[in-house]
Amino acid sequence: MTLKENHLFSRAYRKGRCFSGKYIAVYVLKNRENNKKLGITVSKSRGNAVKRNRTKRIIREAYRVFHPFVKEGHIIVIVARQPCVDAHVSVVVSELEALLSKAALL
């Protein structure tokens, strides 16, 4: 399920735990509902719309590998950092795996 409401993004930034790497940062917050929600953000400073959308597609593909294994009941916000714009999918997948296991979500 995707995260679209701004107040949920804000709550994840404010109250959630942050796990960061070179390419992405992951914010995790316990959800009241018993489902998992994913939000992806790429700042305008990361490039034009084409680069930002490509970066979101890369992150979405990386998350799709781990979606069945992620624990229920969490809000997950993934924020792209500048090196992620030019990164390959496999690099982002390996970093996302490390950050999700560090967050004890796998």
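A nonpolar core is a set of buried Ala, Val, Leu, Ile, Met, Phe, Trp, Tyr and Cys residues joined through side-chain atoms within 4.5 Å. Buried means under 20% relative accessible area, exposed over 50%, and partly exposed in between (1.4 Å probe, protein chains only). The model is predicted: local features need pLDDT of at least 70, side-chain atom pairs count only at pLDDT 80 or more, and totals for chains, interfaces and linings use all residues. Residues are numbered from 1 along each chain as its sequence is written, and side-chain values use heavy atoms, with hydrogens and water left out.

The largest nonpolar core has 26 residues. Those with the most contacts inside this core are I24, V26, I76, I78 and L96. At least two core residues come from each of β2 (24-30), β3 (37-41), α2 (49-66), β4 (74-80) and α3 (89-102). Helices (H or I, at least four residues) and strands (E, at least two) are DSSP runs, numbered from the N terminus. Another core, of nine residues, lies apart from the largest one; L3, L8, F9 and A25 are among its members. Contact means heavy atoms within 4.5 Å. Leaving out residues up to four places away in sequence, I24 touches F19, I59, I78, V79, A80, R81, C84, E95, L96 and L99.

The four strands form an open sheet in the order β1-β2-β4-β3, with mixed pairing. Two strands pair if DSSP finds at least two bridges between them. β1 (17-20) and β3 are the edge strands, each pairing on one side only. On average, neighbouring strands of this sheet are turned by 20° against each other, direction ignored. Seven bridges join β2 and β4 in the antiparallel sense. A25 has V79 of β4 as its bridge partner.

Helix packing was examined next. Axes are lines fitted to C-alpha atoms, for helices over the stretch in contact, and angles run from 0 to 180 degrees between N-to-C directions. α1 lies across β1, β2, β3 and β4, at about 85° to β4. α3 packs on the sheet and touches β1, β2 and β4. The direction of α3 makes about 30° with that of β2.

Rings of Phe, Tyr and Trp (its six-membered ring) pair if their centres lie within 6.5 Å; planes under 30 degrees apart count as stacked, over 60 as edge-to-face and the rest as tilted. One aromatic pair is found in the whole structure. Y13 and Y27 form this edge-to-face pair, at 5.0 Å centre to centre and 85° between the planes. Y13 lies in helix α1 (residues 6-15) and Y27 in strand β2, so the pair ties together parts 14 residues apart in sequence. Y13 is partly exposed, at 35% relative accessibility. Y27 is buried, at 19% relative accessible area.
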